[in-house]
Amino acid sequence: MSPAVDFPHDLVRLQADWYRTYDALAAPYPVRATVLRHRYQVLSSRLCRHPYWFRQDVVVPAVRQELRRQGRASERQW
């Protein structure tokens, strides 16, 4: 069972944007693939370097999985 975590809204939005970009790149013939690849790299970097991950009380593997779940759920709402 995933831990109940209240993520900052900007972090969930970053994860949702990351999923949208990843899904666009996974299309058979992505439109503007170079732009999408660059965006994917920028979003990946922002996700990894977000200040939330530098807190002492964060258990990284389980919490990251919960962020992915919330990000995907948020991405589907758009």
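Trainee: In which helix does Q15 lie?

Mentor: Helices here are DSSP runs of H or I with at least four residues, strands are runs of E with at least two, and both are numbered from the N terminus. Q15 lies in helix α1, residues 9–25. This is a predicted model, in which local features need pLDDT of at least 70 and side-chain atom pairs count only at pLDDT 80 or more, while totals for chains, interfaces and linings use all residues. Residues are numbered from 1 along each chain as its sequence is written, and side-chain values use heavy atoms, with hydrogens and water left out.

Trainee: How many helices and strands does the protein have?

Mentor: The protein has three helices and zero strands, and from the N terminus on its elements run α-α-α. Its C-alpha atoms fill a box of roughly 40 × 25 × 20 Å, taken along the principal axes.

Trainee: Is Q15 buried or exposed?

Mentor: Buried means under 20% relative accessible area, exposed over 50%, and partly exposed in between, with a 1.4 Å probe and protein chains only. Q15 has a relative accessible area of 6%, so Q15 is buried. Of the 78 residues in the protein, buried residues make up 33%.

Trainee: Which residues does Q15 touch?

Mentor: Contact means heavy atoms within 4.5 Å. Not counting residues up to four places away in sequence, Q15 touches L47, L67, R68 and G71.

Trainee: At what angle do the axes of α1 and α2 cross?

Mentor: Axes are lines fitted to C-alpha atoms, for helices over the stretch in contact, and angles run from 0 to 180 degrees between N-to-C directions. The axes of α1 and helix α2 (residues 33–48) cross at roughly 150 degrees and come within 9 Å. Therefore α1 is roughly antiparallel to α2; angles under 35 degrees count as roughly parallel, over 145 as roughly antiparallel, 65 to 115 as roughly perpendicular and the rest as oblique.

Trainee: Which residues of α1 and α2 meet?

Mentor: Among them are L11, L14, Q15 and W18 in α1, and L36, Y40, L43 and L47 in α2.

Trainee: Where is E66 placed, and with which side chain does its own side chain make a polar contact?

Mentor: A polar contact is a pair of N or O atoms within 3.5 Å; within protein, one must be able to donate a hydrogen and the other to accept it, and residues adjacent in sequence count only if both atoms are side-chain atoms. E66 is in helix α3, residues 60–77, and its side chain makes a polar contact with the side chain of R69 at 2.6 Å. E66 is buried, with a relative accessible area of 4%.
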